[in-house]
Amino acid sequence: MIWSIYLGVVVQGVLTGLVYGLMALGLSVIFGVVRVVNFAHGEFAVVAMYAAFLLFHTLGLDPLVTMLPIAATFFLVGFLLQATLINSFVGRSEHEQFILLVGIAIVILNGLLMLFGPDARPANLPYAFDSYAVGPLFIDKVRIYSAVAALAIAATLFCFFRYTATGTAIRACADNLTGAAVVGLNVKRLYAITFGVGLACVGAAGALMVTIADAAPTLGPAYTLLAFIIVIVGGLGSMAGALVGGVLIGVSEALAGFIIQPSMKSMFSFALLIAVLVLRPRGLLGRRA
Amino acid sequence: MIELWRGLEPRARGLIAMLLVALAAAPLAVDRYLISVLTLVLYFAYVGQAWNLMMGYAGQLSLGHALYVGLGAYVAALLWVHFGIGPWLGVFAAVLLAMVFGAVVGWLGFRFGVEGVYFALLTIAAAEFTRIAFDNIGFTGGSGGLFLPYQQERLGEWWNLRGGQLLFYYVALALAAAGVVVAAKLSRSRLGYQWLAVREDEIAARSLGINAFRAKMTAVLVSSGMTAVGGVFYAFYYNNLFPAQVFDIERSIELILGPIVGGLGTVFGPVVGAFILTPLGEGLIALTSRLGIDAPGAKAVFYGLTLIAIICARPNGVWPWLARVLGLKERSP
Amino acid sequence: MTALLTIDRVSKRFRGLLAVDAVSFTVAAGDILAVIGPNGAGKTTLFNTIAGVLAPDEGTIQFAGERIDGLSPDAICRRGIGRTFQIVRPFPALSVEDNVVIGALLRHRDVASARRHALAVLERLDLIDERTKPAAALTLPDRKRLEVARALATDPKVLLLDEVMAGLRPTETDRIVAILAGLNRDSGLTIVLIEHVMRAVMALARRVLVLHHGAAIAVGAPAAIVREPAVIQSYLGEEALA
């Protein structure tokens, strides 16, 4: 019977990992196309968590539903943020970008602290403790729903990048910026759209995450690091990579937390990051540079 | 050091002399609280300088420098608590261990071509990995922390960093000054020029005969070793160490803000940056409590906004602009 | 004159594309050899194998009697081969003077003497008036001369110049040609240059090597080379021979 416990942990990790993967997808899009080191990525996710939490507590709306308007709002925020503040930092040195985004992260994190206080806020969904029985396993409904939602959004994004003109134009910018500009693509507008799309992913992911984790301001930096680890392990520039990386990290953290100790679960992720950076920098599914 | 002094124009000499005298005499004029703020300023001026050597000159972005502070702190503290070995001796072991870790990080990065953001992430991973490890190691106190006992009878042993506020103030002042001298010497040395070349264009640097790997490794070793000394100070100043605090990424971020805001790759940048940011932080705490805003995080929000403002307005740092205003000419590569 | 640099059947492949095809030639001390050929002929790849950026897949490279193929770029420079880049790579934030000082520091370990040497080189390359300007602020012709000055400051025995005349007006071309000819005459500097600008090739080179599709198709004196049928064909095609 012991294997079913491990299997349960693994399944848990996969489902959670898909949601992390969606968040990382946003970073892959931003970092991979606009090439901005978004060190405020996790903080944006936490804002989305609080937004979903608020909407649930005041209006009783399920995060699975509010996920869409939140994502739409985040798209707008991302678009505006890129077009106004961040655009002048594109192409500048990493440390300058880093300071800008760290500044933004500090403002967000402490703004949340001021508004909501430091305590963790759970969204107590009515079905939070329900689960489906699949064979010997009990899988939380919330995890399945959020994983499915994450996959759905990722699939939509994939279609956007593959089959629409704008999506193709964005991929062109990522591949060859000078070429894209020369062909007449409005790079500034495309970058803004890309940043918006990236933050929309984060918004959706954050809304989903509040169903499986409590919202707290201090989660920001941890989620930022998590997103970077997933993107690098999975491979920059690959959407499937972000999801695969998310699943991999989700499973490894779940197993590490279960087998070794919860406080050490991130150790494996960081070791994996170092290994990937050193040995296979393009990640699992990334394109060869 | 004499040539350094001679190399300065009279105006610069005057300003530096005035600054040193003012700082040395400060305890006579200001109260304990301000001295403690100044101690913090000088501490950050020192560790910021150590980080500046690696980033501002050699161009290698480390976002996990708290690793070296923590290692330095823990080594010296453990030697003191368990073996009674004072920091005047323990500092050597601290520096050595930090340099070993720095060498590993450097080797992993430079040998395998991990650059830019990726190298920065590598440094973060190394610091986080170590933080979690220390959280779970018994003899360092684990997550419960390591404490340096208060020993009344030992007060006055300045070589063991046992003393009052004034002792730590002057030690910090000495460290900050030493940091400036080291940076000044290195920036004018052959190694300093090699660092600049590697920073600007590594391929071109190699075509001129510079062994880029060795230059970068030297930068990491010097930087990590110097930072570890700051860690020793930290341990004996605060007398308590928690992995979640001392290795935290917030500490890493904190110590690089000064040099970036002040001016990367300049000798006085980290000092100026520390003098701007640390009092700003403390001042904001005082201001928000004075205005009656009792929200935790208010100070930090203003702090974040200030960072954004500075990096937008003066991306090269405040010091190059200030130097121009003062009519000084620091060679700012 | 003894052979200073010997390239013996060097080949370099890039995943199926044979960029350099069993090229052999020698360069004597004090010689000036121009390497010409249509675009894509493999000239820069050949340079990169000599300069240590790439290791040849086949063949050997000897310099002053020792094998240097496979050595790193900085080791090659330390042996005495300097090089410039086709797209110039100045140290943008540093002054013109500091750029050259860095080159001079190879053989002059003391910064003060390196600076003196750098200033002498800048004087030679007509850049002394620009010495305090940041390299990023220079015009293209000045950047090209800076690139040469910096490599020259390493006191090389052989200088590899990669299309140093590209983008320059005839007067500027003549200026650099005069400087290089003077260096060769006064200090016996051996020069190997990749060049498209025939004005410079004819004025400077004593011998010319022609590459086409990675292979050496002709070598000889400049006047003879430009009349060589194979060379004309490689540049202008079959019809030109008729």
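Colleague: How much area do chain B and chain C bury between them, and how should I read such a value?

Modeller: Buried area is the accessible area, taken with a 1.4 Å probe, that two parts lose on being put together, summed over both. In this predicted model, chain B and chain C bury about 2,000 Å² between them, with 62% of it on carbon and sulfur atoms. Of the area that chain B buries against chain C, B:R190, B:Y193 and B:L208 supply 38%, more than any other three residues. Local features here need pLDDT of at least 70 and side-chain atom pairs count only at pLDDT 80 or more, while totals for chains, interfaces and linings use all residues. Residues are numbered from 1 along each chain as its sequence is written, and side-chain values use heavy atoms, with hydrogens and water left out.

Colleague: How many salt bridges are there between chain B and chain C?

Modeller: A salt bridge is a side-chain nitrogen of Lys or Arg within 4 Å of a carboxyl oxygen of Asp or Glu. There are two between chain B and chain C, and in one of these the side chains of C:D74 and B:R206 meet at 3.3 Å, N to O.

Colleague: Which element gives the largest share of the side of chain B that touches chain C?

Modeller: Helices are DSSP runs (H or I, at least four residues), numbered from the N terminus. The largest share, six residues, comes from α8(B).

Colleague: Which residues is C:L180 in contact with, leaving aside its neighbours within four places in sequence?

Modeller: Contact means heavy atoms within 4.5 Å, and on that basis C:L180 is in contact with C:V148, C:L161, C:M165, C:I191 and C:L204.

How values were computed. Chains are lettered from A and ligands numbered from 1 in the order in which they are written. Helices (H or I, at least four residues) and strands (E, at least two) are DSSP runs, numbered from the N terminus.
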